[in-house]
Amino acid sequence: LFRENRQGGRRIVKGKVVSGSGGSWRRLSVKGRLLLLSGVMLAILVIQALLGAFNLDRMHQGAVGMYEERALPVAHLGQVRTAMEQARAQVMLALQHAPENAYSSQHDHPVSVHVEALGKAMGTADQYWRQYVQQGNFDLDEHRQLRDGFSAALQGLMEQGLRPARQALAEGRYDDAQVLLLRQINPAMGKAEVMARALFEHQET
């Protein structure tokens, strides 16, 4: 029967003919078993690779979200604070050009240099604050309140302090600019700085 391939479900085990197929595994040759094991191992490796790629993608998305929603807004807020300080510094530098200053004639540049730099610093602060608002994550009420508080402080600094001071300096009204620096710009800067620190702390948390 075996020679004629008519043994059916019979097989030889330890020199004896027994009935039953014994399972697919037993019917496989050594080469077939090795190929099957290699296929299983390859499938496991493929699955592990896919899981690894999935986890890497999740990590990448998390890193991108952290950068876009936290790190980048913090950088923009830092640019706003730097521009605010530069704007106030330009006001103070421009005041040194007042005619009553004994050393005003020794400057190698006109006051218009500081007036232009002041306008540029104000534009930079406004630009980066707009980017912060556009890219920030404001899902939390606390963050929205901090945003609105700083926005109001920044607008007050601009409209009631820096912009009038720039106009006064451009027109040579140094006394008016000095009063604005003391009564408007410095207090508004202090308020804006408090709100900016609160925003930084929120983002860090």
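Predicted model: local features only at pLDDT ≥ 70, side-chain atom pairs only at ≥ 80, totals over all residues.
User: Is H76 buried or exposed, and how would I decide?

Analyst: The general idea is to look at relative accessible area, where under 20% means buried and over 50% means exposed. H76 has a relative accessible area of 7%, so H76 counts as buried. H76 has its place in helix α2, and, leaving aside residues up to four places away in sequence, H76 touches Y128, Q131, Y132 and Q135.

User: Which residues form a nonpolar patch on the surface?

Analyst: An α-helix has 3.6 residues a turn, so residues three or four places apart point the same way. In this structure, the nonpolar patch on the surface is formed by L36, V40, M41 and I44, which together have about 350 Å² of accessible area. One of these residues, L36, lies in helix α2, which covers residues 30–95, and L36 counts as partly exposed because its relative accessibility is 42%.

User: How many residues does helix α4 have, and where does α4 bend?

Analyst: A helix can be read from its span and from the direction of its axis. Helix α4, residues 141–170, has 30 residues and reaches 42 Å from its first C-alpha to its last, close to the 44 Å expected at 1.5 Å a residue. At M158, α4 bends by about 35 degrees, and α4 is followed by G172, whose phi is positive, near 80 degrees. Helix α4 is also the place of G149, which is partly exposed because its relative accessible area is 23%.

Key:
Residues numbered from 1 in each chain as written. Heavy atoms only, no water. Patch = residues over 30% accessible without salt bridge, like charges linked within 9 Å, V, L, I, M, F, W, Y side chains within 5 Å. Areas by Shrake-Rupley, 256 points an atom, 1.4 Å probe, with all protein chains shown as cover. Salt bridge = Lys/Arg side-chain N within 4 Å of Asp/Glu carboxyl O. Helix = DSSP H or I, 4+ residues; strand = E, 2+ residues; numbered from the N terminus. Buried < 20%, exposed > 50% of the residue type's maximum accessible area, 1.4 Å probe, protein only. Contact = heavy atoms within 4.5 Å. Expected span 1.5 Å × (residues − 1). Bend = angle between axes of the 7 residues up to and from the residue.
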